Amino acid sequence: MIDKFNEWFAGEFQNKDQAFGRPLFYAYVKLTHIKLDNGFFYGEQQDMWKKQPYRQFAIKPVVDGDKLVIRNYDVNKELHLGFNNLNQITEENLMYKSGCDNIINFAVQSFISVLKSMSIGSNGF
């Protein structure tokens with residue numbers, strides 16, 4: 001399950017069709033996830049019309065029984081901006097975001113996610 005998640009999660013994604021189809025409702029954004037050798041992903045989310053990302057983050061997917069727990073971390077934004085110094089993304093250099101874990105279940109050909117701090121609701125991707 002974690003191998004499938006890693007394969008599907010890594011890469012660059014954008015919502016051009018959605019944003020151009022309903023421009024009053026959706027910004028045109030790009031989201032990039034880079035898989036690191038230590039099990040972390042580093043990501044940047046950017047409005048396509050701006051030079052700098054508005055969100056940078058690190059996550060670490062961890063197997064927990066028959067589920068994945070996606071642990072969320074804050075990163076040093078200046079240090080890693082533009083996908084720099086990614087070798088310095090380690091557990092010791094990040095701030096864990098307590099209460100922001102996602103619990104992931106694999107169902108047929110999709111992953112279903114629920115925030116750990118939520119009692120109901122889910123978001124699929």
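These legends accompany an overall view and several close-up views of one predicted model.

The model is predicted, with local features requiring pLDDT of at least 70 and side-chain atom pairs counting only at pLDDT 80 or more, while totals for chains, interfaces and linings use all residues. Residues are numbered from 1 along each chain as its sequence is written, and side-chain values use heavy atoms, with hydrogens and water left out.

**View 1. Overall fold of the chain.** The chain has 3 helices and 9 strands, in the order α-β-α-β-β-β-β-α-β-β-β-β from the N terminus on; helices (H or I, at least four residues) and strands (E, at least two) are DSSP runs, numbered from the N terminus. The C-alpha atoms fill a box of roughly 40 × 35 × 25 Å along the principal axes.

**View 2. Charged side chains of the chain.** There are 14 positive and 14 negative side chains, and the centres of the two sets lie 6 Å apart. Lys and Arg count as positive and Asp and Glu as negative, whereas His and the chain ends are not counted; the place of a charge is taken as NZ of Lys, CZ of Arg, CG of Asp or CD of Glu.

**View 3. Strands β3, β4 and β5.** Strand β4 (residues 55–64) pairs in the antiparallel sense with strand β3 (residues 41–47) over 5 bridges, and Q45 stands opposite R55 in β4. Strand β4 also runs antiparallel to strand β5 (residues 67–74), to which 7 bridges join β4; two strands pair if DSSP finds at least two bridges between them. V63 stands opposite L68 in β5, and in the hairpin of β4 and β5, with 2 residues between the strands, G65 takes a positive phi near 70°.

View 4. H80 lies in helix α3 (residues 77–80) and is buried, with a relative accessible area of 2%; buried means under 20% relative accessible area, exposed over 50%, and partly exposed in between (1.4 Å probe, protein chains only). Leaving aside residues up to four places away in sequence, H80 touches Y42, E44, Q56, V75, N85, L86, Q88 and I89, where contact means heavy atoms within 4.5 Å. Of the 125 residues of the chain, 34% count as buried.
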